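Welcome! Here is a friendly walk through a chain that may be new to you. Take a moment to look at the picture before reading on.

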Amino acid sequence: MADPAVSVAPYWELTFDADGDVDGPERDRLLAQVTARGVRDLIVFAHGWNNDRSGATALYSHFFAPVPRLAPTARIGYVGVIWPSMRFCDEPIPDFPRSTAAGPVPAPALDKDTRHALLESFPGRATVVDRIARLLDERPGSEDEGGLDEFGRLVRLLVEEVPPGPQALFSADTEAEGVPEGEPEMFARPAREVCGEFARAVAGLQAPDGQESFSLPNPWDGAKELLRQATYYAMKRRAGTVGERGLGPVVGLLARSAPGLRVHLVGHSFGGRLVSFALRGLPEGVRAVKSVTLFQGAFSHYAFAARVPGDPGACGVLQGQEGRVDGPLVCCYSRYDSALGTLYPLASRMADDDRSVLGVDVGSLLGDRWGAMGHNGVQAVPGTRACTLTEALAAPLPVTGCVNVDAAEVVRRGGPPSGAHSDIVHPELARVVLAAGRVH
């Protein structure tokens, strides 16, 4: 039965916990009803960072709304994936009025909603969250040199994986000689250095075009960004966990219970990482996934690469997984996404303990190892095709392999810190999903 908040039918939800365990009654309802409702094409959408179920269902309702009109004779069903991620409240929600969703929050203090989101996302750590919030409010100065060090320790404590959970196995996007990436160096380096780097990056994003500041900002100006990036790291782990341990096996069950069903996986931001890891969790021989569409994917552009350029011993953790798709893997990206274009590669580079980010122009990071899928597409995968959004909608997409679609002509609205990262609710992008899956 359709959720009243979602505008299409038939619509189901699949809710997963942080370890990838699915809500059993929801799964069983989907398995029992998808054939009875005559569904031939099932679009499964996973949100990115988000605060609650209502935000996720609002995204799904807005995004799915034009689909019945675009494919009036297709027998389509819809699934909204709900997983425990979080959003800082100074980031926009897809298709919400900017006056309420993307208005500036006084920096660096935490607003009430973000504090609540941290408590919900990291249960049992209320004391840590309260102390982090107090430090951001007070910003201890030079008379208390230990303030930033304490802040860094608390941030690491907040997001660390509690054993024996599986999430630590899903933090890497690349690996060297079978060894996954280590814990981000931003947790090990002095917090003053790391916050100083983030402060300069944030200042660069907020500066008027063409203007450059030659003064060094206060490291506390980057403290909230360290907290944000640390929570993103935790959400990144969860996305991989939920995809491989949760959604992939459910797709396998669908393939068995509804032979002939065509599944189309769609993911935004870390939801793109989730649906990509679902490919790795598919049971052997399952060919039910007919397309994958990624919108502003918040994971490494080398995740599918057999070799990382400049590092012959490294490869993507999803290398070859595009071959599990019986159709194309389409990556939509936009150069206007400043969250992925600047802050993501800066934070990702901090995971490398052999090189320092100090003194490096952030812009130089975009084309290298630390770049994001949603900023310049799939990289280092032979045979990857490239086109603009207009070209993608004017001619049939390739029937297999990776396809990069420059969606900057519609994914362009937004401001600091995320830029256009959440600007994905457009009929043109819904058409891309249908074109990728050849849904008519």
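## A first look

Which hand does the crossing of α9 and α10 have?

What you see is a predicted model. Its chain contains 14 helices and eleven strands. Of the 440 residues, 58% are buried. Among contacts with a separation of 6 or more, 77% are between residues 24 or more positions apart. The accessible surface amounts to about 17,400 Å², and carbon and sulfur atoms hold 52% of it.

## The sheet

Eight strands form an open sheet in the order β1-β3-β2-β6-β7-β9-β11-β10, and their pairing is parallel. At the edges are β1 (11-15) and β10 (385-388), each of which pairs on one side only. On average, neighbouring strands here are turned by 20° against each other, ignoring direction.

Start from β1, which runs parallel to β3 and is joined to it by five bridges. In this pairing, Tyr11 is found opposite Tyr78 of β3. Strand β3 (residues 76-82) is in turn linked to β2 by six bridges, again in parallel. Seven of the seven residues of β3 are buried, so this strand is mostly covered. The cover is on both faces: Ile76, Tyr78, Gly80 and Ile82 are buried on one side, and Gly77, Val79 and Val81 on the other.

Why is β2 described as largely enclosed by the rest of the structure? Six of the six residues in this strand (residues 41-46) are buried, so the structure around β2 encloses most of it. In a regular strand, side chains alternate between the two faces of the sheet. For β2, one side carries Asp41, Ile43 and Phe45, the other carries Leu42, Val44 and Ala46, and all of these are buried.

The partners of β2 can be followed residue by residue. Towards β3, Asp41 has Ile76 as its bridge partner, and Val44 is opposite Val79. Towards β6 (residues 262-268), six bridges join the two strands, which run parallel. There, Val44 is opposite Leu265, while Ala46 has Gly267 as its bridge partner.

Is His47 buried or exposed? With a relative accessible area of 2%, His47 is buried, because that value is under the 20% cut-off. Apart from neighbours within four places in sequence, the contacts of His47 include Ala56, Leu59 and Tyr60, as well as Val81, Ile82 and Trp83. Also among them are His268, Phe270 and Gly271.

## Helices on the sheet

Helix α9 (residues 223-257) lies across β1, β2, β3, β6 and β7 (289-295), and runs at about 160° to β6. Helix α14 (residues 427-437) also packs on the sheet, where it touches β2, β3, β6, β7 and β9 (328-333); the directions of α14 and β7 make an angle of about 155°. Buried residues of α14 include Leu429, Val432, Val433 and Ala436. After α14 comes Arg438, which has a positive phi, near 50°.

## Where α9 meets its partners

Now back to the opening question: α9 and α10 make a right-handed crossing. The two helices pack at an angle of about 35°, and their axes are 7 Å apart. On the α9 side, the residues making this contact include Tyr232, Met235, Val242 and Leu247; on the α10 side, they include Phe270, Leu274 and Phe277. Sorted by class, the contact of α9 with α10 has ten nonpolar, three polar and five charged residues.

A residue from an earlier part of the chain brings us to another stretch of the structure. Leu31 belongs to helix α1 (residues 24-36). Its relative accessible area is 19%, so Leu31 counts as buried, the cut-off being under 20%. Leaving out neighbours within four places in sequence, Leu31 is in contact with Leu253, Leu254 and Ser257. How far apart in space are Leu31 and Arg256? Their C-alpha atoms are 9.5 Å apart, although 225 residues separate them in sequence.

Key:
Residues are numbered from 1 along each chain as its sequence is written. This is a predicted model: local features need pLDDT of at least 70, side-chain atom pairs count only at pLDDT 80 or more; totals for chains, interfaces and linings use all residues. Side-chain values use heavy atoms; hydrogens and water are left out. Buried means under 20% relative accessible area, exposed over 50%, partly exposed in between (1.4 Å probe, protein chains only). Helices (H or I, at least four residues) and strands (E, at least two) are DSSP runs, numbered from the N terminus. Two strands pair if DSSP finds at least two bridges between them. Contact means heavy atoms within 4.5 Å. Accessible areas come from the Shrake-Rupley method with a 1.4 Å probe; for residues, only the protein chains shown count as cover. Axes are lines fitted to C-alpha atoms, for helices over the stretch in contact, and angles run from 0 to 180 degrees between N-to-C directions. A crossing is left-handed if the near helix is turned anticlockwise from the far one by less than a right angle, and right-handed if clockwise. Ala, Val, Leu, Ile, Met, Phe, Trp, Tyr, Cys and Pro count as nonpolar, Asp, Glu, Lys and Arg as charged, and the others, Gly among them, as polar.
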